[in-house]
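Here is a short tour of some charged pairs, a helix packing and a surface patch. Have the model open as you read along.

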Amino acid sequence: MEQFSDAHVDITYVLSLYPYLVLPQTHIIGEHDKLQDLQELARESSDATDEMEAYSLQLHDSDDKSPLENKKMSHNALIALVKYLQKKRNGIIDRATSEVTEEVVSGAVHHSLNLSEPYKAKKPNKKRPQTHRSSVAREMANVLDTSLLQALVLTRQSPGAIELLKGLNYCDLKICEEFLKEKSDYMVLLELYRSNDMHREALQLLNRLVEESKSAMANADFSKKFNPQMIIEYLRPLCRSDPMLVLESSLYVLERNPSDTIELFLSENVPADLVNSYLKQHAPNLQSTYLELMLSMSETGINPNLQNELVQLYLSEVLDWYKILKDEGNWSDKTYSPTRNKLISTLESNSGYNTDTLLKRLPQDALFEERAIMYGKMNQHLRALSLFVHKLHMPERAVAYCDRVYEEGAQQPSKSNIYFNLLQIYLNPKKAEKEIEQKIIPVASQYPGIQRVNSTTKLRGGRMGRKVVEIEGAEDTRFSPSGPDSGRSDGDGDDVSDGGPIMLNEALELLSQRWDRINGAQALRLLPRDTKLQDLVSFLEPLLRNSSEHRRNYMVIKNLILRANLQVKEDLYKRRQAVVKIDGDSMCSLCHKRIANSAFAIYPNGQTLVHFVCFRESQQIKAVRGANSVKRR
């Protein structure tokens, strides 16, 4: 090889000594008796040339022998060929690149000339049509790189072949592809596809290799080399350039490695609407997986349309499950499936879905918990609490609902009466049942008795209400009666007996547990008249203790304010008792004339005396100067 290099022998002639290397078909292949430089050829001896040709003919004759004999080419000969080709490569690649650059520049100049004369009359072109010029350097680079790749693979230098493909190369795609498939060198084949932008073929090969690596026949090294993570890493740089190809190729890894695939979509900013639409059309079973993983992994959450899509998917699955259990006679509203738990959790934690559409899909005789949550999102708290209490028979959930609404809207007075609404439901169950059966009725008009004050019940309960208000103190603004809940409810007096059995125990338990969040006066007016005082001890004792403490605190504050007022008045009296002595020598500090019997003014320091007229004029001058300075600004 050193002799060939020093003698500047044509590369194609050297490659002909390796008959099992497949070369591209170009016009320079086959002319083994011609060298690239005629001047160098003149210096070669004819004997040496004849010897090389004879040796080349012997190698070609060996093609008729058995395949095993053809593959017995020395390893050292291949190593020497690799070094020889690498030594020649830089110069040939540079010449090929220069030819490409010249063609690009000339094409750009020709295009700009055509654009500069758009209105010029076109003359018939008598010159021969332009054809693609043959490039000897590029053809030589094609032959060199194709041979070098084969030699590297045959000498088990696959990393070197991969590095060759990562850079600028002129490898023949068809020949290299067939050769690598024959040798089963899939890592180099993947890089060949990548360097030629054949991503679809590369991903199809990757999917097949990953699938084969899971079979029992695959060895440990093969399974370790090809895994789903390799597909994800291949897709990562394609997310911005070809997102549709990424979606088409990600179904395999999305089924087997969903979290990493969703992380890929999020980190590379693949449009979520595009991903969701594609999955909805081609892989609907993966749509909910994608949306819920995206919801859990995205810090900013997902847009309302995708939230609504996820809830609709959950609800469709829950409705199918509900119909099956109903047909079997095993349905209960306290039966939960994993999907129903996801639906309830999503309804509670998100608010971007369309509640009106979802409510229309819910059955009238089931899924009351989901209905209650959606009523809560619509601020229809009375209807939501009625469902928890009378349909689901879960008072603890009703209390938890009140706690959540109270804590979320503690600064809003209208929501601070949510516990009072629950008391109304406990103590007026029949009316609550009627409210549930109604389809669409504004909440404000569902309980007109809350706003209406009956004169008879006013007289009956007014005295007790006034006493409790006095105990609590009118200064407690957080629990002050406001809005529609400030009047008497329909649970007062004789109206309770008309409503059927009341849930007095639950109401008393609520009062004892949430006494600090309920207006005591309203609660006492709502209770039946025959309620025993002993049952109210757990409610009244902390309430009265708290009210007394507040009253004492207010009295202390009142006394402190009164004392501060007295101190200010005392200071005022002292300052009003100041004495100023005016005699014949007293002078005005502004005009420097005697004050005599004229009206005078004294500054707060108690020493500066001025005529009252001078003081008034000085104030007017200051006012004029201040106005002028403001205008300048």
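## A buried charged pair

R89 and D145 join their side chains in a salt bridge, with N and O 2.7 Å apart. A salt bridge here is a side-chain nitrogen of Lys or Arg within 4 Å of a carboxyl oxygen of Asp or Glu. The pair links distant parts of the chain, as R89 sits in helix α6 (residues 75-116) and D145 in helix α7 (residues 136-154), 56 residues apart. Helices are DSSP runs of H or I with at least four residues, strands are runs of E with at least two, and both are numbered from the N terminus.

R89 counts as buried because its relative accessibility is 14%, and D145 is buried at 0%. Buried means under 20% relative accessible area, exposed over 50%, and partly exposed in between (1.4 Å probe, protein chains only).

This is a predicted model, so please note that local features need pLDDT of at least 70 and side-chain atom pairs count only at pLDDT 80 or more, while totals for chains, interfaces and linings use all residues. Residues are numbered from 1 along each chain as its sequence is written, and side-chain values use heavy atoms, leaving out hydrogens and water.

## Two pairs on helix α20

E292 and K342 also meet in a salt bridge, at 3.5 Å from N to O. E292 belongs to helix α18 (residues 287-297) and K342 to helix α20 (residues 338-349), so this contact ties together parts 50 residues apart in sequence. Both ends are partly exposed: E292 has 23% relative accessibility and K342 has 36%.

R340, in helix α20, pairs with E370 of helix α22 (residues 368-377), 30 residues away. Their closest N and O atoms are 2.6 Å apart. E370 is buried at 0% relative accessibility, and R340 is buried with 0% too.

## The wider count

How many salt bridges does the rule give? The count comes to 24. Salt bridges with shared partners join E233, R236, R240, E263 and E268 into one network.

## Helix packing

Helices α10 (residues 186-195) and α11 (residues 199-213) pack with axes 8 Å apart, at an angle of about 155 degrees. That makes the two roughly antiparallel, a label for angles over 145 degrees. Their crossing is left-handed.

## A nonpolar patch

On the surface, V580, F600 and I602 form a nonpolar patch with about 210 Å² of accessible area together. F600 lies in strand β1 (residues 600-602) and counts as partly exposed because its relative accessibility is 37%. Patch members have over 30% relative accessible area and no salt bridge, with like charges joined within 9 Å and nonpolar side chains (Val, Leu, Ile, Met, Phe, Trp, Tyr) within 5 Å.

Technical notes. Areas by Shrake-Rupley, 256 points an atom, 1.4 Å probe, with all protein chains shown as cover. Axes fitted to C-alpha atoms, helices over the stretch in contact; angles between N-to-C directions. Parallel < 35°, antiparallel > 145°, perpendicular 65-115°, else oblique. Left-handed = near helix turned anticlockwise from the far one by under 90°.
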